[in-house]
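I opened the notebook to keep track of what I looked up, one topic per entry.

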Amino acid sequence: ASLVVPASAQHFQQVKGTLAGVSAGRNEVFGFDVHAAVWRFSPKTNAFTKIKGASLFQLAVGGGTVSQLDEVWGVEGNLDVYRFNYTTKAFDQISGAALEQIAVGEGTQESCHPYEVWGVNASDQVFRYNYCTDVFDQVAGLLTQVATGGGDVWGLNSAGAIFHFNFAKQSFGPVSGTLTQISVGVNDVWGVNGSNNVFRYDPKTGAMNSVGANIGQVSAGGDGVWVIDTSGRMWHFDSSSESFVQVQGALKSISSGSGAGVFGVNGADAVFTFVRP
């Protein structure tokens, strides 16, 4: 794929508020500010509302379908894990869990996993949340990053080696290549390596194929595949032309939802959402 001239009708529109990070799902968008206060986006008001009593430095939103709401999980500064309660509109602590990173997506396996909720702790141990027992079950392997989407689960270890979870074997298997960041969409997997090249997984060959350079971050979801280049410029992957199309503006981080839209934060912590023509 190549990077091509921007489509002028596409643009990002600023949303009221300032956030340090944002996460979008199917219907929900949550963010946290520099003080770890948590905010929930309202499409009706086109603004974020503060969640009382919540203090999180990381959020993961996803897994929503026609029949189920998004799950919203977060990690506090001391690595305690919290899950959003739609009834009380507050975050409930999940006892016995201490994670450095958490990922949430749709579950497709069985009733005990209607969502795929995965995390890694400070010792690189991997955990999967069990909705039947309400606890995190440890999974064999050591990872520093885990990502999930479309019922699929991938991860990276401390050396950047890539792993794909095999549900039949209940274990992670290696995939060739090394990455520093990985993102799982509805039916595809993307990543960025240490040389700022962006890769897309080819299930036919089992290889990660380079499709672009000078990329700092990739985010894949039902609302498309987006990258931020090393200059902060934004690009959207056009599957029809197999190329990235530039969209005007600059962001430091971006989150592609699966229906809730595409949201991002710039260097001044201003929040933006993508507006389609």
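Entry 1, terms and model. I count two strands as paired if DSSP finds at least two bridges between them. Strands (E, at least two residues) and helices (H or I, at least four) are DSSP runs, numbered from the N terminus. The model is predicted, so I noted its limits: local features need pLDDT of at least 70, side-chain atom pairs count only at pLDDT 80 or more, and totals for chains, interfaces and linings use all residues. Residues are numbered from 1 along each chain as its sequence is written, and side-chain values use heavy atoms, with hydrogens and water left out.

Entry 2, strand β4 and its neighbours. I looked up β4 and β5 and found a hairpin with four residues between them. In that turn, Ala36 has a positive phi of about 70°. β5 covers residues 37–42 and pairs with β4 in the antiparallel sense over three bridges. Which residue of β5 stands opposite Gly31? I found Trp39 there.

On to β3, residues 21–24. β3 and β4 pair in the antiparallel sense over four bridges, and a hairpin of four residues joins the two strands. Val22 stands opposite Gly31 of β4.

Then I checked burial, where buried means under 20% relative accessible area, exposed means over 50%, and partly exposed lies in between (1.4 Å probe, protein chains only). Are the faces of β4 covered or open? Both faces of β4 (residues 29–32) are covered. Val29 and Gly31 are buried on one side, and Phe30 and Phe32 are buried on the other.

β9 (residues 80–85) pairs with β10 in the antiparallel sense over six bridges. I noted that the bridge partner of Asn85 is Ala90 in β10. The two strands form a hairpin with four residues between them, and Lys89 in the turn has a positive phi of about 55°.

The rule: rings of Phe, Tyr and Trp (its six-membered ring) pair if their centres lie within 6.5 Å; planes under 30 degrees apart count as stacked, over 60 as edge-to-face and the rest as tilted. By this rule I have 23 aromatic pairs. One of them joins Phe30 and Phe91: the ring centres are 6.1 Å apart and the planes stand at 85°, so the pair is edge-to-face. Phe30 lies in β4 and Phe91 in β10 (residues 90–98), so the pair ties together parts that are 61 residues apart in sequence. Both Phe30 and Phe91 are buried.

I looked up Trp190 and Phe237 next. Their aromatic pair is edge-to-face, with 5.0 Å centre to centre and 65° between the planes. Trp190 is in β20 (residues 189–192) and Phe237 in β25 (residues 233–238), 47 residues apart, and the pair links these distant parts of the chain. Trp190 counts as buried at 0% relative accessibility. Phe237 is buried as well, at 9% relative accessible area.

I also noted one aromatic cluster, formed by Trp73, Tyr115, Tyr129, Tyr131 and Phe136.

A disulfide is a covalent bond between the sulfur atoms of two cysteines. I searched for pairs of cysteine sulfur atoms within 2.5 Å. How many disulfides does the whole structure hold? The search finds one. Cys112 and Cys132 form this disulfide, with sulfur atoms 1.9 Å apart. The link is left-handed, with -95° about the S-S bond. Cys112 lies in the loop between β11 (101–106) and β12 (115–120), and Cys132 in the loop between β13 (125–130) and β14 (135–142), so the pair ties together parts that are 20 residues apart in sequence. Cys112 is buried, with a relative accessible area of 19%, whereas Cys132 is partly exposed, at 47%.
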